[in-house]
Amino acid sequence: MKDVSLRRLRTLWLAVLIGMITLAASLFVNTQSVLADEAETAEEIQTVLKFRDGEVPAQLSVQTFMRDSMRFHKELALLAMGLAGVAYDEDRPTLGSGEYLIPAYHSLGFSDENIWLFSYPKNELNRSEEEIFNDDSLAFSIACRELGDQLLLIMNFRGSSAEEDWAYNFLGLTETQGRSFYGEDNAWPGFIEFLDGLKKGLNLFIEGHPAVKQADAAGKLIAFVVGHSLGGAAANLTGKLLNEGDAGLENLDPSRIFVYTFAAPLVSLDVTQDANIHNVVNDNDIVAHVPLGRKHYGVDYHFSDGRSPYECHTMMTYAKAIMEDRAEPIAPALEILQGAFQNLVDRKTEPTTAEIAKVEPTTAQKTTEAVTEAPAKSVKEPEPDDDHNIVTPLILIGGGVLILIIFVIVIRAAKKNKKA
């Protein structure tokens with residue numbers, strides 16, 4: 001009888017041991033799964049983007065673009081600033097090499113097969129099979145990479161790097177007749193030519209990257225458009241092109257289009273505004289205020305800095321303004337008057353000049369969102385995945401109950417053994 005009880009006791013202890021090992025293994029696997037999921041959703045790259053006259057800190061993660069494109073975001077502005085900066089080469093002898101551009105894309109997790117250069121003829125990643133992209137003017141790059149379950153598409157325009165590029169800025173100092181851009185018959189020819197190059201390059205890139213179309217169809221495509229100087233003008237027009245749905249990406253909503261330009265010349269006579277196009281303007285920079293009589297698409301963010309024309313236009317002058325939070329939206333005169341009138345109605349008192357001057361910097365953005373022809377919905381913030389958080393307590397509870405039952409059985413068997 002004692003031998004039978006001993007065998008039962010050993011069997012029970014073996015069952016307890018197996019149960020404990022099984023529970024531990026389940027918890028380990030579950031924990032590793034949670035950590036893996038967290039690593040995937042929390043992927044974050046922090047780097048420094050270095051260019052010819054400075055550097056800026058930049059970061060890229062799944063959360064970077066999970067925010068309202070209609071609002072100015074410092075983090076996105078710095079990333080755009082860095083990308084616009086690395087588009088330039090060091091000087092004339094290296095023009096067309098993309099010497100800063102490729103290392104910058106690599107540091108942000110882009111692979112060579114997903115980086116296409118246009119008009120960087122000294123770089124092996126340039127689209128050399130297309131003759132129109134074999135000179136070293138009107139240069140831009142297109143790149144894509146996955147961010148979680150989203151696909152990020154970057155269009156990065158280089159600014160003026162040589163005398164030839166400035167010729168494109170103000171070609172002939174005349175307006176183009178017979179070529180319209182959303183109702184305009186007098187768009188500047190250099191800007192339109194840059195835009196035409198982008199259209200051809202984007203079509204080639206989409207053909208070579210089926211994932212772009214697939215992400216667009218699934219509503220998972222994000223467009224990030226950046227540029228400085230001449231490149232800023234091209235980026236501004238490209239933002240409008242994307243907003244209007246004329247770039248071959250039918251499902252790309254303005255809420256998923258982020259456009260940041262710096263020192264961009266004026267491009268448009270159009271009075272419409274696109275709140276997802278953000279233009280940083282140095283009031284001391286002459287380039288950002290010509291041609292006369294025109295404006296940027298989107299919202300302008302103004303600051304004043306620099307002495308010489310060169311210093312006022314440099315990337316680092318703009319970068320410092322962003323890092324020091326000195327770029328603020330300036331409300332147009334009409335919006336200021338509307339705000340003053342509303343205050344008058346609300347308070348039934350005459351507003352003073354000082355009160356009108358106190359209009360909040362964000363007035364321009366709020367009004368812009370209200371008058372945008374086709375307001376876009378904000379990108380929905382991603383919700384945390386709680387599946388594993390539910391499974392873990394269930395395993396713990398079930399394991400605890402199992403262990404409790406086994407211990408009760410062991411105690412009863414021991415008592416019976418003593419009686420025997």
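This is a predicted model: local features need pLDDT of at least 70, side-chain atom pairs count only at pLDDT 80 or more; totals for chains, interfaces and linings use all residues.

Colleague: Why is His302 called buried?

Modeller: Buried means under 20% relative accessible area. His302 has a relative accessibility of 19%, and therefore counts as buried. His302 is found in strand β9, residues 299-303.

Colleague: What makes the pair His302 and Asp283 a polar contact?

Modeller: The cut-off for a pair of N or O atoms is 3.5 Å. The side chains of His302 and Asp283 are joined at 2.7 Å, so the pair lies within that limit and is a polar contact.

Colleague: How do you know that β8 and β9 pair, and in which sense?

Modeller: Pairing requires at least two bridges. Strand β8 (residues 277-282) and β9 have 5 bridges, so they count as paired, and the sense is parallel. In this pairing, Val281 stands opposite His302.

Colleague: What makes β3 and β10 edge strands?

Modeller: Eight strands form an open sheet in the order β3-β4-β5-β6-β7-β8-β9-β10, with mixed pairing. Strands β3 (115-118) and β10 (328-329) each pair on one side only, and they are the edge strands.

Colleague: Which strand does β3 pair with, and how many bridges are there?

Modeller: β3 pairs with β4 (residues 140-147) in the antiparallel sense, over 4 bridges. Phe118 stands opposite Phe140 in β4.

Colleague: What makes you say that both faces of β3 are covered?

Modeller: Ile115 and Leu117 lie on one side, Trp116 and Phe118 on the other, and all four are buried. Trp116 is also included in a nonpolar core, which I shall come to.

Colleague: Why are the buried residues of α6 said to be on the same side of the helix?

Modeller: The buried residues in α6 (residues 210-217) are Val212, Ala215 and Asp216. They cover an arc of only 100° around the axis, which puts them on the same side of α6. An α-helix has 3.6 residues a turn, so residues three or four places apart point the same way. The face turned away from the buried side carries the exposed residues Gln214 and Ala217. As for its setting, α6 lies across β5 (150-157) and β6 (221-228), running at about 120° to β5.

Colleague: Why is Asn156 called buried, although its side chain makes a polar contact?

Modeller: Asn156 has a relative accessibility of 0%, under the 20% limit, and so counts as buried. This residue is in strand β5. Its side chain reaches the backbone oxygen of Leu83 at 2.7 Å. Leaving aside neighbours within four places in sequence, the residues in contact with Asn156 include Leu83, Tyr105, Phe140 and Val226.

Colleague: What makes the phi values of Ser229 and Ala263 worth a remark?

Modeller: Most residues other than glycine have a negative phi. Ser229 is not a glycine, yet has a positive phi of about 60°. Ala263, also a residue other than glycine, has a positive phi near 55°. Ser229 is found in the loop between β6 and α7 (230-243), and Ala263 in the loop between β7 and β8. Ser229 is buried because its relative accessibility is 1%, and Ala263 because its relative accessible area is 0%.

Colleague: Which residues touch the most other members of the largest nonpolar core?

Modeller: Of its 53 residues, these are Phe65, Leu79, Phe110, Leu152, Phe224 and Phe262. Helix α2 (residues 74-86) gives the most to this core, with 9 residues. A second, separate core of 38 residues includes Trp116, Phe133, Leu221 and Leu230.

Colleague: What does Phe262 touch?

Modeller: Not counting residues up to four places away in sequence, the residues touched by Phe262 include Ala77, Met81, Ser229, Val280, Tyr318 and Ile322.

Colleague: Where does helix α9 lie?

Modeller: Helix α9 (residues 315-323) lies across β6, β7 (257-262), β8 and β9, and runs at about 110° to β8.

Conventions
Residues are numbered from 1 along each chain as its sequence is written. Side-chain values use heavy atoms; hydrogens and water are left out. Buried means under 20% relative accessible area, exposed over 50%, partly exposed in between (1.4 Å probe, protein chains only). Helices (H or I, at least four residues) and strands (E, at least two) are DSSP runs, numbered from the N terminus. The arc is that of the directions from the helix axis to the C-beta atoms. A nonpolar core is a set of buried Ala, Val, Leu, Ile, Met, Phe, Trp, Tyr and Cys residues joined through side-chain atoms within 4.5 Å. Contact means heavy atoms within 4.5 Å. A polar contact is a pair of N or O atoms within 3.5 Å; within protein, one must be able to donate a hydrogen and the other to accept it, and residues adjacent in sequence count only if both atoms are side-chain atoms. Axes are lines fitted to C-alpha atoms, for helices over the stretch in contact, and angles run from 0 to 180 degrees between N-to-C directions.
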